[in-house]
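Open the model in your viewer and keep the selection panel at hand. The tour goes one selection at a time.

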Amino acid sequence: MIWSTGCALSARGTLSLRRMRFVAFGPIFLLTAPASAPCIGKTGPAPSITPLVPAIHKIIDNEMPGLESLYKLLHAHPELAFAEEQTSARLAKELKALGFEVTTSVGNTGVVGIFKNGPGPVVMVRTDMDGLPVTENTGLPYASKIRIRDKEGREVGTMHACGHDMHMTCWTGAARTLVQLKDRWQGTLMFIAQPAEEIGAGARRMLEDGLFKRFPRPDFALGLHCGPGPIGHVAYAEGLLLANVDTIDITVRGKGGHGSAPHTTIDPIVLAARIVIDLQTLVSREINPSDPAVVTVGSIHGGTKHNIIPAEVKLQLTVRTLKDSVRKHVLEGIARIAKAAALSARAPEPIIRVEVDNYTPALFNNPELAQKTVSAFKSVLGADKVKEIAPIMGGEDFGRYGRAGVPIFFWFLGTQDPSQVKAAHEGGPPLPSLHSDLYYPVVEPSIRTGVLSLTVGVLNLLGK
Ligand SMILES: [Zn+2]
Ligand SMILES: [Zn+2]
């Protein structure tokens, strides 16, 4: 099965609505884990999961009506990156009601909840909170009707088109379940609600605000993301799961003038067209074919009228790579190609803006943590419902917690009707992708598997 998901990121909060295409790449890449990854074995035995499963299901059954209501409330009230005021207040309230020590405004609108329950490992569970500037077209009774003005002053709808409302609901459900089972485990829960995943900035802001200094440093961190696989299923990778995501703006400069006198101008439209074509050789001719990379020019804008040669053209690019060495090559190559094209046209050097620090780094699952968690998933979900997948070219800033030295594990939660998934794979109508105005999860079973997998994943790491 080919899984597809993704968070199309771009600079300054603008959003690429282009449907992202993800490909299952043959064998898993031979990369090594970060040297700082600690040994998983140090935490001692986890409480045996199997005897707890009936109790977990019973708690989820009891909590389900409230969780469904919470999901629909969150779905109907999406807030954009770094504007998650009501959302974070609601999540803080949920954790406080369960007895967590709660700190708000961490990294802007982030929430950190700590629940200490004796000696043992610290396990972090992360949800993201932000919605997208997408006008919802699902027709659901609980569809978002919220409209806002974007930075350009245009009125746009907002929608949880990436399923972060489902993540928040599962996160809340796992917190409720784990607290009700507190006699069966020891350790510390660290539940965090992160802002601004969609612009690749929230994890970084929380880390810069002392997430791992002001609060107990986690021994492990877990998180999940909705995917378009069937309900009841999860998918994961042992190691590299998601790509480096970079966003680049290029201003191609020329010399404007009359369309009838091109010899008196330097035409930036022709120059930009050349750059777009030249960029296609970067991945195809310079990068080893076994190293996946994507350079997409998602936007090109220049000119106002038929007979005016403009002074500049603007290009917007998204770049996806899996290896850091490939990322460096591609970013340098883009600048080299753009400058060389300008030089050949006697044009001023283009202005190239790469947000080198504010990018989404590749997400690398700790292999030991992945194996340990996946074996627990298989025992409760069934081995046939837990699928290993190859890395995909989407991005997620959860990877930053791993780069900060904490072993992380991130997985995809199936959210779609199995018959529709099957039909799509057999050539039927494709299912709406994440970020589509038509995407929505099947609510109750998605919550159930999300809460179950998070709860089991945490219990499997805690001591007793
Ligand atoms: Zn997204
Ligand atoms: Zn997302």
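Begin with strands E1 and E2 (residues 110-117), which pair in the antiparallel sense over four bridges. Strands (E, at least two residues) and helices (H or I, at least four) are DSSP runs numbered from the N terminus, and two strands pair if DSSP finds at least two bridges between them. Select Val102 and you will find Gly113 of E2 opposite.

A note on what you are viewing: this is a predicted model, where local features need pLDDT of at least 70 and side-chain atom pairs count only at pLDDT 80 or more, while totals for chains, interfaces and linings use all residues. Residues are numbered from 1 along each chain as its sequence is written, and chains are lettered from A and ligands numbered from 1 in the order in which they are written.

**The eight-stranded sheet**

Now show the whole sheet: eight strands in the order E1-E2-E6-E3-E7-E18-E8-E17, open and with mixed pairing. Strand E1 (101-106) and strand E17 (386-388) are at the edges with a single partner strand each, so one side of each has no neighbour in the sheet. On average, neighbouring strands are turned by 25° against each other, direction ignored. Contact requires C-beta atoms, placed from the backbone, within 7 Å.

Select E3 next. How many of its seven residues are buried? Seven of the seven are; buried takes 20 or more other C-beta atoms within 10 Å of a residue's own, with C-beta atoms placed from the backbone. Val122, Met124, Arg126 and Asp128 point one way, and Val123, Val125 and Thr127 the other way. In a regular strand the side chains alternate between the two faces of the sheet. E3 runs parallel to E6, with seven bridges, and parallel to E7, with four bridges. Stop at Val123: its bridge partner in E6 is Leu189, and Phe220 stands opposite in E7.

Leaving out residues up to four places away in sequence, Val458 touches Val123, Val125, Ala174, Leu178 and Leu222.

**The four-stranded sheet**

Move to the open sheet E12-E14-E10-E15, whose pairing is antiparallel. Strand E12 (293-302) and strand E15 (351-354) are its edges, each with a single partner strand, so one side of each is left without a neighbour in the sheet. The twist averages 15° from one strand to the next. Nine bridges join E12 to strand E14 (residues 312-321), and Val297 has Leu317 of E14 as its bridge partner. Two helices lie across strands here: H5 (residues 268-286), at about 170° to E12, and H6 (residues 324-344), at about 165° to E14.

**Last stop: H7**

Select helix H7 (residues 367-381). Its buried residues include Leu369, Val374 and Phe377. Among the elements covering the buried residues are E7, E17 and helix H10 (443-459). Just after H7, click Gly382, which takes a positive phi of about 100°.

Methods
Axes are lines fitted to C-alpha atoms, for helices over the stretch in contact, and angles run from 0 to 180 degrees between N-to-C directions. A residue is buried if 20 or more other C-beta atoms lie within 10 Å of its own, exposed if 12 or fewer, and partly exposed in between; C-beta atoms are placed from the backbone.
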